[in-house]
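The following account considers a structure chain by chain and then at the contact between chains.

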Amino acid sequence: MITDFKPGMYDDVGVAPELKGLNLAEKPDGPGAAAMISAGVGIFVLGLLTTTAVISGTVKSFLLWWEWGQGVGPLAGKSTIAVIAWLISWAILYFLWRNKDVVLKTAFYIGLGLGILGAIGTFPTFFELFHS
Amino acid sequence: MELNSREIWTVIHGLVLGTLFLLAFAGGLAGLWSLRPGLMTTAGIKERMGRLYVGAWVMAAAAWGAVITGTWIVYPWYRVNLSTVGEDAYAGCAELILPGQTCSPRDFLKSNVSGNTEAWHAFGMEWKEHVTWAAPILATAAAFLIAYYGPRLIARPWLRAAVIVMFVGAFAAAVVGGAFGAFLNKIAPIV
């Protein structure tokens with residue numbers, strides 16, 4: 001899935017000759033894959049925290065701590081931690097893959113799968129199944 | 001004809017930023033859709049891509065603005081507990097037809113004093129407040145991909161389709177927020 005970046009993998013000008021005049025340099029796919037997967041990570045963490053806050057009072061109390069007295073409730077922790085997870089995972093993957101080629105289809109499907117799981121976790125009919 | 005500060009923030013959150021998001025989405029989707037081989041000249045690509053970069057980043061910025069103002073400014077007014085008196089959690093909502101000084105919108109919906117309204121909170125607000133945070137994440141990732149690959153998207157239909165999926169995913173999450181926000185503000189407005 002991950003290989004060193006080698007220009008020549010794509011024939012962009014062959015597919016779209018109008019690009020020739022733009023003299024586009026080829027770029028590694030690692031940063032693109034990092035963006036796809038990390039977006040899924042952020043949404044997955046959002047859904048995971050939404051559901052676990054219903055299951056665990058300890059998690060809910062921890063999430064409440066993030067509201068800084070603003071009255072936002074556990075949503076403050078869920079959203080802030082999800083955004084932090086997204087940004088950190090993006091930064092790490094970007095750093096690791098900035099000069100690599102990564103199979104974009106695989107990266108996209110990983111991100112999509114994580115995103116779908118996260119979206120399910122935010123759906124009330126689902127997370128209320130765990131309400132004690 | 002005037003708006004109080006809470007109404008102004010509600011307008012900024014939903015109407016101003018929401019509308020900006022929708023406009024940017026519509027333009028961005030049309031731009032992405034037409035990035036196909038053989039449709040544009042080199043000069044046309046340059047002109048089109050500039051607009052697409054701006055539209056995608058504006059959409060992401062509007063999504064961030066909407067969720068941050070919604071969560072940290074408007075939502076606390078919605079969820080504050082005002083109605084509890086002694087053992088009665090919804091005493092302050094008794095006989096009200098709209099939320100007020102002794103009954104927040106959440107108190108009002110959960111109290112069922114004006115019909116069967118609890119599900120608007122338990123389903124509508126609970127879904128809206130969580131899933132809309134997916135919108136700025138997806139919109140930012142899509143904007144990054146558009147900026148990173150630029151005109152190369154024309155020659156790579158699969159990648160362009162993947163970006164469109166993320167773009168539409170951001171829109172879908174925002175639609176849940178926008179639609180339920182509009183309904184909730186109709187049934188239990190923030191005053």
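Predicted model: local features only at pLDDT ≥ 70, side-chain atom pairs only at ≥ 80, totals over all residues.

Residues are numbered from 1 along each chain as its sequence is written, while chains are lettered from A and ligands numbered from 1 in the order in which they are written.

Chain A contains six helices and two strands, where helices (H or I, at least four residues) and strands (E, at least two) are DSSP runs numbered from the N terminus. Read from the N terminus, the elements of chain A follow the order β-α-α-α-α-β-α-α. The radius of gyration of chain A, taken over C-alpha atoms, is 20 Å, well over the 14 Å that the globule rule gives for 132 residues, so chain A is more spread out than a compact globule. That rule is 2.2 Å times the number of residues to the power 0.38. The C-alpha trace of chain A spans about 60 × 30 × 25 Å along its principal axes. Of the 132 residues of chain A, 42% are buried, that is, have 20 or more other C-beta atoms, placed from the backbone, within 10 Å of their own.

The contact between the chains draws 35 residues from chain A and 36 residues from chain B; two residues are in contact if their C-beta atoms, placed from the backbone, lie within 7 Å. On the side of chain A that touches chain B, the largest share, nine residues, comes from helix 2 of chain A. The residues on this side of chain A comprise 21 nonpolar, ten polar and four charged, with Ala, Val, Leu, Ile, Met, Phe, Trp, Tyr, Cys and Pro taken as nonpolar, Asp, Glu, Lys and Arg as charged, and the others, Gly among them, as polar.

In chain B, B:G92 lies in the loop between helix 2 (42-79) and helix 3 (105-111). B:G92 is buried, with 21 other C-beta atoms within 10 Å. Leaving aside neighbours within four places in sequence, the contacts of B:G92 are B:L82, B:S83, B:V85, B:T102, B:C103 and B:D107. The C-alpha atoms of B:G92 and B:F108, 16 residues apart along the chain, are separated by 8.9 Å.

Finally, the buried residues in helix 4 of chain B include B:W120, B:H121 and B:G124.

Technical notes:
Buried ≥ 20, exposed ≤ 12 C-beta atoms within 10 Å, placed from the backbone.
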